[in-house]
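Biologist: I would like to learn how to read a structure such as this one, feature by feature. Could you take me through it slowly?

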Amino acid sequence: MKSAQISGLLITILASVYLYSFAHRISDPTDSAPTVGFGIVLVFFMLLTSAVILISSSFRLWSREVRLKEGFVSKWWGALLVINSLLAISYTTAIVAGVVVILKTAYGN
């Protein structure tokens with residue numbers, strides 16, 4: 001469980017850094033569109049992977065018994081859990097919003 005929490009956070013940070021590294025090139029007319037498109041798809045899948053890891057592990061760790069069993073007892077692990085839980089909630093909100101947009105687009109208002 002600890003490895004899931006750490007890897008989920010690291011993947012999110014890596015995706016954010018990668019997005020920041022090429023985001024300024026999106027408006028550059030000399031950059032090729034496939035390169036930027038591939039970068040956006042890569043960031044999307046990195047965040048999707050992080051969401052799958054964080055949503056399942058963060059929601060399971062809200063139980064005190066599970067936290068004690070998994071060794072989430074120090075302040076550092078608690079802070080990591082809070083950060084990852086916020087990320088999991090934002091990922092869940094983004095997924096629901098994306099589904100709503102897709103359904104509204106497909107079936108109208």
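**Reading the fold**

Modeller: Let us begin with contacts: of those in the protein with a separation of 6 or more, 78% are between residues 24 or more positions apart, where contact means heavy atoms within 4.5 Å. This is a predicted model, in which local features need pLDDT of at least 70 and side-chain atom pairs count only at pLDDT 80 or more, while totals for chains, interfaces and linings use all residues. Residues are numbered from 1 along each chain as its sequence is written, and side-chain values use heavy atoms, with hydrogens and water left out.

Biologist: How many helices and strands does the secondary structure come to?

Modeller: Helices (H or I, at least four residues) and strands (E, at least two) are DSSP runs, numbered from the N terminus. In this protein there are four helices and zero strands, so that the order of elements from the N terminus on reads α-α-α-α.

Biologist: How do I judge the length of a helix, taking helix 4 as the case?

Modeller: The expected span is 1.5 Å times one less than the number of residues. Helix 4 has 33 residues and should therefore span 48 Å, and the 47 Å between its end C-alpha atoms agrees with that. After helix 4 comes Gly108, which has a positive phi, near 80 degrees.

Biologist: What share of the 109 residues is buried?

Modeller: A residue is buried under 20% relative accessible area, exposed over 50% and partly exposed in between, with a 1.4 Å probe and protein chains only. By that rule, buried residues are 27% of the 109 in the protein. As for the surface, the protein exposes about 7,400 Å², and carbon and sulfur atoms supply 74% of that area, calculated by the Shrake-Rupley method with a 1.4 Å probe.

Biologist: Which residues touch the most other members of the largest nonpolar core?

Modeller: Such a core is a set of buried Ala, Val, Leu, Ile, Met, Phe, Trp, Tyr and Cys residues joined through side-chain atoms within 4.5 Å. Here the largest core has 13 residues, and Ile55, Leu61, Phe72, Leu87 and Tyr91 touch the most other members. Two or more residues come from each of helix 2 (33-60) and helix 4 (75-107), and helix 4 gives the largest share, six residues. Leaving out residues up to four places away in sequence, Ile55 touches Ala88, Tyr91, Thr92 and Ile95.

Biologist: Which residues of helix 4 are buried?

Modeller: They are Trp77, Leu80, Leu81, Asn84, Ser85, Leu87, Ala88 and Tyr91. Ser85 counts as buried because its relative accessibility is 3%, and beyond residues up to four places away in sequence it touches Ser58 and Trp62.

Biologist: Is Gln5 buried or exposed, and what does its side chain join in a polar contact?

Modeller: Gln5, which lies in helix 1 (residues 2-23), has 0% relative accessibility and so counts as buried. A polar contact is a pair of N or O atoms within 3.5 Å; within protein, one must be able to donate a hydrogen and the other to accept it, and residues adjacent in sequence count only if both atoms are side-chain atoms. The side chains of Gln5 and Ser57 are joined by one of 2.6 Å. Apart from neighbours within four places in sequence, the residues in contact with Gln5 include Leu54, Leu61, Phe72 and Asn84.

Biologist: And Ser56: is it buried or partly exposed?

Modeller: Ser56, found in helix 2, has a relative accessible area of 42% and is therefore partly exposed. A polar atom of its side chain lies 3.3 Å from the backbone oxygen of Ile53. From Gln5, Ser56 is 51 residues apart in sequence, while the C-alpha atoms are 9.9 Å apart in space.
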